Structures are given as C-alpha cells and as structure tokens.
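The sequence and the structure are shown first.

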Amino acid sequence: MSEEWEPNIIVIACNWCTYQAADLAGSLRYSYPPTVKVVRVPCSGRVEPEFVLEALINGADGVLIGGCHPGDCHYKEGNYKALRRFKLLHKLLTELGIEPERVRLEWIGGSEGLKFAEVMKEFDATIRKLGPNPLKR
Amino acid sequence: MALKFAFYLAAGCAGCEMALVDLADRLIDALGDLEIVFWAPTVADIKYKDLEAMPDKSIDIALVDGAIRLSEQEHIVKVLRKKAKILVAFGACAAMGGIPGLANLHTKDEIFETVYFNTYSTDNPDGVVPQTKCVVDGKYELTLPEFWNEVKALHQVVDVDYFVGGCPPHHEHVAKIVEAIVSGNLPPKGSWITDGKSVCDVCPRNPANKGETRETVKEVKRTIEGIPDEERCLLQQGYLCFGPITQGDCGASCPKVNIPCRGCGGPLPGVKDFGARAIASLASILEDSAVDQLMEKYPSLAKLFYRYSLPVATINKRR
Ligand code: SF4
Ligand code: SF4
Ligand code: SF4
Ligand code: FES
C-alpha cells in the first residue's frame, strides 16, 4: 500500500433524506472526512446494483447507499426495494471476494446531520482499516 | 462461389457444433454454399499447421464455440482472427464465458486440487499433476498447453464481429444465422445476432400475454422442490426465472419444459451486468421474506446470477 493512499468513498444519497442530512451537517459545521463524495439520486430505490459495481470497478474503496428511514420514503417503498437489492448484492459481492464492510446501506433522515457526519467518520475509519479496494490491487 | 467456412472448439463441450449439425437436411442444403476449410478438433481432419499456412483473410467466416482457458486456445483464435474476414463468438461460452467461466470463482490451485486429488474417482498416489513440458525416455520432449488463471470470453482475447447466445444456440436460431451468413445479410459488426425479444416476450406463460397481472412473490422455490404448474409463469410460482432479462432466441425452450430460464441466451440489449440486473429484477418482484428465503436456499448467488456470464461481469472473478 502506498503511503499517500487516501480512501475514495462514494455515497449514493437519496435527495429527500441522506442528501439533506449531508447539507445540514455542512451548515451546522459537523465535520466529516473529505474522502466522502456524495452523489444525489431521487430515491434509494433508484440505485441500480450496477451503480455499485461501476463505482467499485472504477476504484471506489467504499460505497454507501443512504435512504429514508422505513416508512419515510417519498415514493412509499423505494427504500424497501433498495434493501432487498442490497441484501442480494451484498452477499454476491462477498462471494466475489469484496469485503462486506466496503458496501453499506444506511437510513439517514433529512434532520440527522449529526448522524450523517458520524456514519461518514466511522465508514472512513473502516475503509482505512480495510485498505484499498481489492479490484485495484 | 462457396463461402470458406471454419469452426473451432475452444473451452466448450461441442454442444454448439451439435446445434449446427442438428440442422440436418437444412445444413446439407447450405453446404452447397459453404466450403469447410477448418473444423477442429471435432469434424474435419485439418491440422493447426494447415490453418497457420492459409493466407490472411482467406476464410470468409469463422465460428468459435467455447471460452478461452488454455494457451493453445488463445493461440488458435488469434490465428483464426487473422485468417478470417468475419469471426463469430458462437454460443454462451464464446460470447460470455459460459459454464466454464464459473471456474473464475476458484483459483487454478483449487481447481487442480479438486480435479487431480479430491474427486471420488481420482486415484493419484504419486501426486502427479500436468506439467507443460516433460521429457520421456530422456529424449522425447512432450508439451501441454498452459492453463491460464482465468477463463475469458472470445472478445476479451481477439476482436469479435458477432455474438450469438444460447447453450447451445437453438437450431431454429442457427438456421436463421446460416441463412444470414449465406445471403450476406448480417447486422452491423459488433452486435449480437438476435431477434431482440426477451424470453418472457416469447413465453406462453407470460401473464401479460394472458391478460393477467403480475403479483409479488411470497415464496422462493428451487427447481428440486415440487413440480411447477405447467401453465403459470414460473417466476410467479416462486421458481427464479431470468426470462425478463434474457434474449429469447430459443423461443423460451426452458419454460416450455417446466424449467426456469437461467440466462444462456445472453443479456437483453442495455443489460450491462447480468447478475446485477438479475438482482434488480428479482428485488422488484420478490417480497422481503422471499429475498431472505432465496439467500438461505441458494448456497452461491454468483453461480446462480452469473450462470453463463461471469467472465464478462463487471467483477469477473473472485478476488
Ligand atoms: S455454449 Fe453450451 S453447448 Fe456451447 S460449447 Fe458452451 S457449454 Fe457447450
Ligand atoms: S418469467 Fe419465465 S416463466 Fe414467467 S413469463 Fe418470463 S420466461 Fe415465462
Ligand atoms: S429459456 Fe433461458 S436458459 Fe433456457 S434456452 Fe432459453 S435463454 Fe437459455
Ligand atoms: S425517497 Fe428517500 S429512499 Fe425513497
């Protein structure tokens, strides 16, 4: 592992919750690691498993999908679909040798700026411990 | 003038060649228009050195069935690519890696360990494993091809002009392809030769074609559990069917005999990663508890979702 390696973390965030939480974290000055890059989607149900694979193959060291809490999805059940997809994708990735901790699903509501910052810090630490994405090695 | 035609079996089972032979009298008719210049190792007695001696671009059309696993196969397809004007990845193995491609979930050492030591029928007290070179009687050097670390689809080794799905391709589809080859009526290079319909589109069980609505699925069943109803959509009955995302040039062969589709026809246009799309498709129709059940019942999701396509998947081998 080279000394200057810094994690590259992709957060695919639902516009109505996790993305708002990221915004809030910013305005409330809760700091979170600069390794986190947020991509906005209309709903966690919009996240195709292909997005996660593409992120990984293109060098993301960690991928986190952020959606609304159960019952809070603006499109009613996008987040339940996201969870069903995630469970299958997560097991598949594990079989392909990707550490399970590298890919994560979290429910972070629009008012949870602090939770957003905390989860990002923790995820960044986890990825640092794991090291670079094995697809790059 | 007859078209110069070649067929080469790489890491496959020769089922694709059988599919061509299955055309029977229609193949005999076509043979008037085709001159077989190379068909190894199964049909014609033409040596590799004969192929190597042919002028470049002297073969009009070459079909390859099977994936690329050995150095020998890699060498021959590179030679074929030079000699042939049109090169076709014929069948699931050549087009996507196919069943042999599932070996990418295991290392070369694991495979050798299983094949040469651990199977019930193996008796190998001296622990012999194949070597690429060995000298017999102190003077004869014998060689074997190198066994690569991973299985590849044809286009991952050489440029491919056309892709044909199916394990093997359905003989009616093969008939259309032969006709297209003979008449020169081929689609733009780089494409799949397909009708472009999904297996569901051509499946007699499709609820949409019978004016029924699709329901969410509460229970997942493996094919060994129970006997599916002969009329109803298999997916609706909980048997995981990949008809919605697979090219249907087989005419829904499997659902017609009560077996769910496993995707051998190749991905529908727009499906970049078959396994990822299989997940998306199942997550849309299975209820939460059915997803949990699926994960309990199937020991390997990779072998289910990438049954025919692991080498061309975004993550194409175990890391
Ligand atoms: S695609 Fe199927 S029938 Fe054709 S060579 Fe491969 S395993 Fe055999
Ligand atoms: S899911 Fe399978 S059984 Fe159902 S309509 Fe599609 S191909 Fe036929
Ligand atoms: S139904 Fe699916 S698995 Fe069966 S032959 Fe057709 S494409 Fe292949
Ligand atoms: S709107 Fe946020 S997860 Fe659906």
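Helix H1 (15-21) and helix H5 (92-96) of chain B each supply at least two residues of the shell around ligand 1; helices here are DSSP runs of H or I with at least four residues, numbered from the N terminus. The model is a predicted one, in which local features need pLDDT of at least 70, side-chain atom pairs count only at pLDDT 80 or more, and totals for chains, interfaces and linings use all residues. Residues are numbered from 1 along each chain as its sequence is written, chains are lettered from A and ligands numbered from 1 in the order in which they are written, and side-chain values use heavy atoms, with hydrogens and water left out.

The shell of ligand 1 consists of B:Gly12, B:Cys13, B:Ala14, B:Gly15, B:Cys16, B:Ala92, B:Cys93, B:Gly166, B:Cys167 and B:Pro168, where a residue belongs if one of its heavy atoms lies within 4 Å of the molecule. Around ligand 2 the shell includes B:Cys200, B:Cys203, B:Arg205, B:Asn206, B:Cys233 and B:Cys241.

Ligand 2 sits in the largest cavity, in the sense that more than half of its atoms lie within 2 Å of the grid points. A cavity is a set of points, on a 1 Å grid over the protein atoms alone, where a 1.4 Å probe fits but cannot get out; lining residues have an atom within 4 Å of a point. The whole structure holds three cavities of 30 Å³ or more, a volume being the space filled by probe spheres set on points joined across faces, edges and corners.

The table sets out residue classes; Ala, Val, Leu, Ile, Met, Phe, Trp, Tyr, Cys and Pro count as nonpolar, Asp, Glu, Lys and Arg as charged, and the others, Gly among them, as polar.

| Site | Residues by class |
|---|---|
| Shell around ligand 1 | seven nonpolar, three polar, no charged |
| Shell around ligand 2 | eight nonpolar, two polar, one charged |
| Lining of the largest cavity | ten nonpolar, two polar, two charged |
| Lining of the second largest cavity | seven nonpolar, one polar, two charged |

Chain B averages a pLDDT of 95, and 100% of the residues score at least 70; pLDDT is the predictor's confidence in each residue, from 0 to 100. For the complex, the predictor gives an ipTM of 0.94 and a pTM of 0.95.

Technical notes
On a 1 Å grid over the protein atoms alone, a cavity is a set of points where a 1.4 Å probe fits but cannot get out, and a pocket is an open set with protein on both sides within 12 Å along at least five of seven lines; lining residues have an atom within 4 Å of a point.
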